[in-house]
Amino acid sequence: MDQHNATGQVDAREVGIRFPSGTLALHGLNMQVASGEFVSLVGPSGCGKSTFLRLVAGLLEPTEGRLTVGGMDPDETGRPTLGCGFVFKSSTVLPWRTVVDNVALPMELEGVGVAERRARAMEWLERVGLTGFAEAWPASLSEGMRIRVSMARALVGGPTILLMDDPFSATDDITRAGLQEELLRLRGEFGFAVLFSTQSVPEAVFLSDRVAVLSELPGRILGEVAVDLGKRRDPDLRGEATFASKVREVVHLLARAQP
Amino acid sequence: MMGWLSRGILPTLLLLACLAVVWEALARALEASSLVLAAPSAILAEAWTHASEIVYSGLSTLVSALAGFTASLVVGTGAAVLMAWGFWSRANRFPRAILLKVVPVVVAAPLITIWSGAGVSGPWGASFLLGVFPVFHCAAIGLSRVDPDLLGMFSFHNASRWQILARLRVPHAVPMVVAGAKVSAGLAVVGSIAWELVAGCAARVPGLGCLIWQSFARSHTELLFACVGASTLLGLGVFLGVESVARLVLARLEDPARRF
């Protein structure tokens, strides 16, 4: 995989954004994500988690502060898509394309040849356990499978950081647990960093090396909790006292975000 | 196929047959004048006598309806695509497009006749006028109301405007265009007939509207009923034809779950 040699993937210093409507969505936000690190953002609904992910993705430009991604300034390099993958809140699978064509879409937009993009898409479908569904229409898939397609599409370019905007929110508990383990397995295999937004504190603690809590609008980092529970995250971890303690720590911080 | 026949066509035919029997019985029992209530048997006999005239007029109406429908499909979709590309803004588009919708074809028919003369362009011009707005409106909605996350995903991958149009907006709009085309197909037949009812038999090749108008002027009620029946069958035929083509197109282009 084509890895960047930057020491940090995301470096946000005093970042803020004011929308044309006048709403100040983020203000004075400081955050760093190191290579290979898994960081989750939690906070009240509408606090700017998705907005921050869109800033990192280069879909929005900060109106305050400085933000670099993979050591590059999005202002100078355009969108840092070479080093990023993005899994949106909705699965964003195109219903008029088969599964394999959905996964191959980023390469198609870049002008990669049919044979190569299909071969690489098939590799990633195998990695997410969807080989048998390559020619299926998305409507015939479950929501969990559609999210797997989105993950394969986000990872097919070999990103060094994966941005995920509350991707599992529409799934049931069992599917969600399966997707979380799938994500950890892929991250363990390929070593990409993850910046993950979620409404679920247990999900954030289970997945992350670090959980950052955002304040209400305008969003800023209220505090961070290091989740020093080791790299291997067994499903049984959810029943352990250390896990519950970390969840409580994040919940206490979150309580400060909602006066 | 048999299932579709038994579910769709057969019950309808049965209902129509029952209505015809009741109608025939009423016409005979009341001994009503054929001017007021022509019996189905008399209508069928008249239709048989004038079969060649009805078929000839029907074909003329069919040709002009298909020409108007094709023009409305091309112009309506084309205008919506140009708007999606940014040739003009939505704010400018709607008032002008709605003008097309609100001009009643019965009012425009004499004008079309004056401009087009007694050629074939009158009926299909009316079909076009009636049919273009549904196609344009549906295509415009399909092209513009794309999920913001999908647009974000394309922007994230640095897709060009052309790629966003060709790979996202147009495929997204296909089911809506098909839905608009189905509405437009029915209106195309109505437009062609309505034009002749208002403008008279000005077209070089008279259609069903002209035959209806002549039957009415001569108080030829049986033929009038036969023409109304032929017009209904023609409208149904055009709609089913467009429906079949739409099914073929959608089956080749996309997921069956998105069909309207």
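Predicted model: local features only at pLDDT ≥ 70, side-chain atom pairs only at ≥ 80, totals over all residues.
Residues are numbered from 1 along each chain as its sequence is written, chains are lettered from A and ligands numbered from 1 in the order in which they are written, and side-chain values use heavy atoms, with hydrogens and water left out.

**The sheet of chain A**

- Six strands of chain A form an open sheet of mixed pairing in the order S5-S6-S7-S3-S8-S9, where strands are DSSP runs of E of at least two residues, helices are runs of H or I of at least four, and both are numbered from the N terminus; two strands pair if DSSP finds at least two bridges between them.
- The edges of this sheet are strand S5 (84–87) and S9 of chain A, each of which pairs on one side only.
- From one strand to the next the twist averages 15°, with axes taken as lines fitted to C-alpha atoms, for helices over the stretch in contact, and angles running from 0 to 180 degrees between N-to-C directions.
- S5(A) is joined in the parallel sense to strand S6 (residues 161–165) of chain A by 4 bridges, and A:Val87 has A:Met164 in S6(A) as its bridge partner.

- Strand S3 (residues 38–42) of chain A runs parallel to S8(A) and is joined to it by 4 bridges, with A:Val42 standing opposite A:Val213.
- Strand S9 (residues 221–226) of chain A pairs with S8(A) in the antiparallel sense over 5 bridges, A:Val225 being the bridge partner of A:Val211, and a hairpin of 6 residues joins the two strands.

**The largest pocket**

- The largest pocket holds about 830 Å³ of space; a pocket is an open set of points on a 1 Å grid over the protein atoms alone, where a 1.4 Å probe fits, with protein on both sides within 12 Å along at least five of seven lines, and lining residues have an atom within 4 Å of a point.
- Its lining comprises 22 residues, of which B:Leu16, B:Leu44, B:Gly229, B:Ala230 and B:Leu233 lie nearest its centre.
- Helix H1 (2–30), helix H2 (40–49), helix H3 (51–85) and helix H10 (221–253) of chain B each supply at least two residues of the lining.

**Chain B and B:Ser192**

- Chain B has 10 helices and 0 strands, and 44% of its 260 residues count as buried.
- B:Ser192, which is placed in helix H8 (residues 161–199) of chain B, counts as buried because its relative accessibility is 1%.
- Leaving aside neighbours within four places in sequence, B:Ser192 is in contact with B:Thr61, B:Ser64, B:Ala65, B:Pro123 and B:Ser127, contact meaning heavy atoms within 4.5 Å.

Terms used:
Points joined across faces, edges and corners; volume = space filled by probe spheres on them. Buried < 20%, exposed > 50% of the residue type's maximum accessible area, 1.4 Å probe, protein only.
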